[in-house]
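The exercises below are to be worked through with the sequence and the coordinates at hand. Each task is followed by a solution that goes step by step.

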Amino acid sequence: MFKIFVMAAIATVGFSGAAVACPDFTLSGPGADLSGSQMRGGVSYRVQAGGDSYVWDCPNVQPGTDRGAGYFTSRPDFTFSLSGMGGRRLAVSVVSQCDAALLINTASANWYYDDDDNGNYDPKITLTRPADGYLDVWIGTYDGAVCDAVLTLQTY
């Protein structure tokens, strides 16, 4: 009986450890306060794309958009506080030196994922009605590689 208890405890710790590594919107990444008008010409940030958590092993992440492979960190690469977004669209795109993937959690707690919509194996997500509030952004990679990338946010 003791052996079964120990095995169950080890399994529980193992599974809970895997969940901790998943993308978590309750954590904050570095970021900035951005208004819709500030992003009109595009605002860019350098980042290291990659991560060690396979997104589809994470039950807390359920994108309403594309589904595809991607490895991400648990902490967002960026957490932006958005304001003045009414009546605007927001394009979030990545240009990278590898096959990057993009994961977003919006102020309304919706998940979005993309792999290749920016061309050249780079991702792009366009939010048609972005809300004011926090926007968490993860820049991962399709295959778990790590590379340099540039994140751009632009309103129109």
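**Exercise 1.** Which cysteine does a disulfide join to Cys98, and at what S to S value?

*Solution.* Before starting, note that this is a predicted model, in which local features need pLDDT of at least 70 and side-chain atom pairs count only at pLDDT 80 or more, while totals for chains, interfaces and linings use all residues. Residues are numbered from 1 along each chain as its sequence is written, and side-chain values use heavy atoms, with hydrogens and water left out.

Step 1: apply the criterion, by which a disulfide is a pair of cysteine sulfur atoms within 2.5 Å; Cys98 is joined to Cys147, with S to S at 2.0 Å.

Step 2: take the torsion about the S-S bond of Cys98 and Cys147, which is about -55 degrees, so this disulfide is left-handed.

Step 3: Because Cys98 lies in the loop between strand E6 (90-96) and strand E7 (100-105) whereas Cys147 lies in strand E11 (residues 147-155), the pair ties together parts that are 49 residues apart in sequence.

Step 4: Cys98 counts as buried at 18% relative accessibility, and Cys147 counts as buried at 7%.

**Exercise 2.** Find how many disulfides the rule gives, and characterise the one that involves Cys22.

*Solution.* Step 1: the count comes to two disulfides, and Cys22 is joined to Cys58 with S to S at 2.2 Å.

Step 1: the torsion about the S-S bond of Cys22 and Cys58 is about -90 degrees, so this disulfide is left-handed.

Step 2: Cys22 sits in the loop between helix H1 (2-20) and strand E1 (33-35), and Cys58 in the loop between strand E3 (53-54) and strand E4 (71-72), so the pair ties together parts that are 36 residues apart in sequence.

Step 3: relative accessibility is 3% for Cys22, which counts as buried, and 2% for Cys58, which counts as buried.

Step 4: when the bonded cysteines of the protein chain are numbered in sequence order, the pairing reads 1-2, 3-4.

**Exercise 3.** Determine the strand order of the open sheet that contains E6, and describe the surroundings of E6.

*Solution.* Step 1: with two strands taken to pair if DSSP finds at least two bridges between them, four strands form an open sheet in the order E2-E11-E6-E9, with antiparallel pairing.

Step 1: the edges are strand E2 (43-49) and strand E9 (124-127), each of which pairs on one side only.

Step 2: Val92 has Leu153 of E11 as its bridge partner, Val94 stands opposite Leu151 in E11, and Ser93 stands opposite Lys124 in E9.

Step 3: six of the seven residues of E6 are buried, so E6 is largely enclosed by the rest of the structure.

**Exercise 4.** Examine Asp99: is this residue buried or exposed, and how far away is the nearest side chain of opposite charge?

*Solution.* Step 1: Asp99 is found in the loop between E6 and E7.

Step 1: Lys and Arg count as positive and Asp and Glu as negative, whereas His and the chain ends are not counted; a salt bridge requires a side-chain nitrogen of Lys or Arg within 4 Å of a carboxyl oxygen of Asp or Glu. Asp99 is buried yet has no salt bridge, and the nearest side chain of opposite charge, that of Lys124, is 16 Å away.

Step 2: with contact defined as heavy atoms within 4.5 Å, and leaving aside neighbours within four places in sequence, Asp99 is in contact with Asp115, Asp116, Tyr121, Thr141 and Tyr142.

**Exercise 5.** Locate Ala109 and Asn120, and state what phi each of them has.

*Solution.* Step 1: Ala109, although not a glycine, has a positive phi of about 65 degrees; Ala109 is found in the loop between E7 and strand E8 (111-114) and, at 45% relative accessibility, counts as partly exposed.

Step 1: Asn120, also a residue other than glycine, has a positive phi near 50 degrees; Asn120 lies in the loop between E8 and E9 and, at 65% relative accessibility, counts as exposed.

Notes: Helix = DSSP H or I, 4+ residues; strand = E, 2+ residues; numbered from the N terminus. Buried < 20%, exposed > 50% of the residue type's maximum accessible area, 1.4 Å probe, protein only.
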